[in-house]
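Please look over the sequence and the model shown here, and then read the notes below, which are grouped by topic.

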Amino acid sequence: MPTLTVNGRIQAVEAAPETPLLYVLRDELGLNGAKFGCGLGQCGACTVEVEGRAILSCLTPIGVLEGRSVTTVEGLGSPENPGPLQAAFIAENAAQCGYCIAGMVMRAHALLRAVPHPSDAEIRDALRFNLCRCGTHMRILAAVRRAAGEPATTGATR
């Protein structure tokens, strides 16, 4: 029986090693933040972190994750006590339908761990793998800047 470390907790799962992480998170562990969007690694709705790096959980088999730490959006905070990045997304009203937001938050979280004060160009580059069909891109950019401690103004190019 494979084990995964998800949000700091060791979890025994009953899935086969080739099962995509997304299905284990949602179906076995009840963590529904990561969404099934395309199943092809093209939309980013399923983004989670593995040891600080953003990955697409729809393409990642659990067999390659043994001994590695997985973080989902649920591991960053809760609705009652959101983490700093989640709070910035809330403050900037960055979610419209909400489908892409967990993936955006996770990719932004990985960026901020690597580059604590990214430029707008770095934020845009990091988030280019995540699609938002509602068009809240400017508010998402402002939320990431706010979380980085930068002015949350949109349209600025540093």
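Two strands are taken to pair if DSSP finds at least two bridges between them, and the elements themselves are DSSP runs numbered from the N terminus, helices being H or I of at least four residues and strands E of at least two. This is a predicted model, in which local features need pLDDT of at least 70 and side-chain atom pairs count only at pLDDT 80 or more, while totals for chains, interfaces and linings use all residues. Residues are numbered from 1 along each chain as its sequence is written, and side-chain values use heavy atoms, with hydrogens and water left out.

**Strand 3 and its partners**

- Strand 3 (residues 47–50) runs antiparallel to strand 4 (residues 53–56), to which four bridges join it, and Val48 stands opposite Ile55 of strand 4.
- Two residues separate the strands in the hairpin of strand 3 and strand 4, where Glu51 takes a positive phi near 50°.
- Strand 3 is also joined by two bridges to strand 5 (residues 69–71), again in an antiparallel arrangement, with Thr71 of strand 5 as the bridge partner of Glu49.

**Side-chain directions in strand 3**

- In a regular strand the side chains alternate between the two faces of the sheet.
- Thr47 and Glu49 point one way from strand 3, whereas Val48 and Val50 point the other way, and all are buried (under 20% relative accessible area, with exposed meaning over 50% and partly exposed in between, for a 1.4 Å probe and protein chains only).

**Aromatic pair**

- Rings of Phe, Tyr and Trp (its six-membered ring) pair if their centres lie within 6.5 Å, and planes under 30 degrees apart count as stacked, over 60 as edge-to-face and the rest as tilted; by this rule there is one aromatic pair.
- Tyr23 and Phe36 form this stacked pair, at 6.5 Å centre to centre and with 25° between the planes.
- Tyr23 lies in helix 1 (residues 21–28) and Phe36 in the loop between helix 1 and strand 3, so the pair ties together parts that are 13 residues apart in sequence.
- Tyr23 is partly exposed at 37% relative accessibility, and Phe36 is partly exposed with a relative accessible area of 36%.
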